[in-house]
Amino acid sequence: MKTISYYPNGVFLKKGAHNPPASYLDFESFVNLHSSKELKSQLDYIKTCEYGSWQYKNAKKKLPVALLNKFAYNLTEGFIEETPYKPFDVDLKDNTKESINAFKEKIKDIACFVADSPSGGLKFFLKINFNTSNNIEYRKKYDSIVSYLEAKYNIVLDKMQGNIKQPYFISYQNKTSYVDKKFNYKFN
């Protein structure tokens, strides 16, 4: 099921309806992108740039990006189909390294894929359908899962990935693997 919109050169170089994805990916192909040599080369170059400089920002804009739903173009109105793979993000600015490392081991029990973030946090994916293309309903369902996970694991999650069309910057991973397991959760 190819429900992930892929932009190998980023989403910021063209605007909205003039920016269709280069391709659509299934989840396994998306996971494998995290360990590509091309991505490693791009990230190695970014590390040579002064943080916050024009070169740094320009290089970062060109990193591969996925929109984790199927879109005809880079606008919410371009929504075609929901992907069952939902991204979640744990930032170092809101948590300690120790709490992130402990959480990483626990979340593997329910996550399909867990990736380290270059900033020291981590990203993980849960397989669950929201069955809506409405921004507000989608967000409420996402936030409900975030509240559940934060309470259960005593961790703070970044809620930005809960936007129906939030860009996901693909981060390099030396090794990748995923398990296609469904996250069982009852929405109120």
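1. Two strands count as paired if DSSP finds at least two bridges between them. By that criterion, this predicted model contains an open sheet of three strands, ordered 6-8-7, with antiparallel pairing. Strand 6 (85-90) and strand 7 (113-116) are the edge strands, each pairing on one side only. From one strand to the next, the twist averages 20°.

2. Strand 6 and strand 8 (residues 122-127) run antiparallel and are joined by six bridges. Within this pairing, Val90 has Leu122 of strand 8 as its bridge partner.

3. Helix 5 (residues 135-153) lies across strand 6 and strand 8, at about 50° to strand 6.

4. On the overall fold, the protein chain has five helices and nine strands. Read from the N terminus, the elements follow the order β-β-α-α-α-β-β-β-β-α-β-β-α-β. The C-alpha trace spans about 45 × 40 × 25 Å along its principal axes. A compact globule of 188 residues would have a radius of gyration near 16 Å, so the 16 Å of the protein chain agrees with that expectation.

5. The largest pocket holds about 770 Å³ of space. Its lining has 27 residues, and Lys60, Ser117, Pro118, Ser119 and Ser171 lie nearest the centre. Helix 2 (37-48), helix 3 (54-61) and strand 9 (167-169) each supply at least two lining residues; helix 2 gives the largest share, with five. By class, the lining of the largest pocket comprises twelve nonpolar, six polar and nine charged residues.

6. The second largest pocket has about 230 Å³ of space. Of the 13 residues lining this pocket, Lys108, Phe113, Val114, Ser177 and Tyr178 lie nearest its centre. Six of the lining residues are nonpolar, three polar and four charged.

Conventions
Residues numbered from 1 in each chain as written. Predicted model: local features only at pLDDT ≥ 70, side-chain atom pairs only at ≥ 80, totals over all residues. Heavy atoms only, no water. Helix = DSSP H or I, 4+ residues; strand = E, 2+ residues; numbered from the N terminus. Axes fitted to C-alpha atoms, helices over the stretch in contact; angles between N-to-C directions. Contact = heavy atoms within 4.5 Å. Rg over C-alpha atoms; globule rule 2.2 N^0.38 Å. 1 Å grid on protein atoms, 1.4 Å probe; cavity = no way out; pocket = protein on both sides within 12 Å on 5 of 7 lines; lining within 4 Å. Points joined across faces, edges and corners; volume = space filled by probe spheres on them. Nonpolar A, V, L, I, M, F, W, Y, C, P; charged D, E, K, R; others polar.
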